[in-house]
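Please walk through the fold, the core and the charged pairs of the chain shown here.

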Amino acid sequence: MVSTKPNQTECQYCSVISQTNREDPIGTARTHDHWLILELKQPWSPAMWVEDEELQPLVKNLKQLIWKKGIMVRPIAIAPDREYSQPGYARLFYYYRPAKLFARYQKRNF
C-alpha cells in the first residue's frame, strides 16, 4: 500500500497554495490576543488536538484560559523548519497583543 500523506520534503506553505489558487486570504483570520504556535513533526492527525496524548496538557490549560478567564488564545501547529529546527526538539512561539492599539504582536520563543 502506498501512503498518500506528504512527507516533510513535499510540505507546502498554505500561503503559497493560496497564492497559486489566486485566493485573497486578507481578513479571513479571526482576531486573537494570544497565539501559541507549536512546531510539530508531520504527519498530523485531523484530530490531533483531541487525540494526541502529548498535547492534552496544553489543550487542558488552553481551555482553562479560554473558558474560565476569557483569554482568547489560538493554538496552531507548524511543520519544523528544515534550516532552523533541531531533531528531537520542538519550538513554541508565543505571540501576544501588547496593547489595545498596536503595530505588531510581541514574540517569545521557547
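The paragraphs below take these topics in turn.

This is a predicted model, in which local features need pLDDT of at least 70, side-chain atom pairs count only at pLDDT 80 or more, and totals for chains, interfaces and linings use all residues. Residues are numbered from 1 along each chain as its sequence is written, and side-chain values use heavy atoms, without hydrogens and water.

The chain holds three helices and four strands, in the order α-β-α-α-β-β-β along the sequence. Helices (H or I, at least four residues) and strands (E, at least two) are DSSP runs, numbered from the N terminus. Of its 110 residues, 17% are buried, where buried means under 20% relative accessible area, exposed over 50%, and partly exposed in between (1.4 Å probe, protein chains only).

The largest nonpolar core has five residues: Leu38, Leu40, Met48, Leu55 and Ala77. Such a core is a set of buried Ala, Val, Leu, Ile, Met, Phe, Trp, Tyr and Cys residues joined through side-chain atoms within 4.5 Å.

Two salt bridges are found in the whole structure, each being a side-chain nitrogen of Lys or Arg within 4 Å of a carboxyl oxygen of Asp or Glu. In one, Asp33 pairs with Arg97, with the closest N and O atoms 2.8 Å apart. Asp33 lies in the loop between helix 1 (14-20) and strand 1 (34-39), and Arg97 in the loop between strand 3 (92-96) and strand 4 (106-109), 64 residues apart.

Arg91 forms a salt bridge with Glu39, the closest N and O atoms being 3.0 Å apart. Because Arg91 sits in the loop between strand 2 (73-78) and strand 3 and Glu39 in strand 1, this pair ties together parts 52 residues apart in sequence. Arg91 is partly exposed at 25% relative accessible area, whereas Glu39 is buried at 2% relative accessibility.
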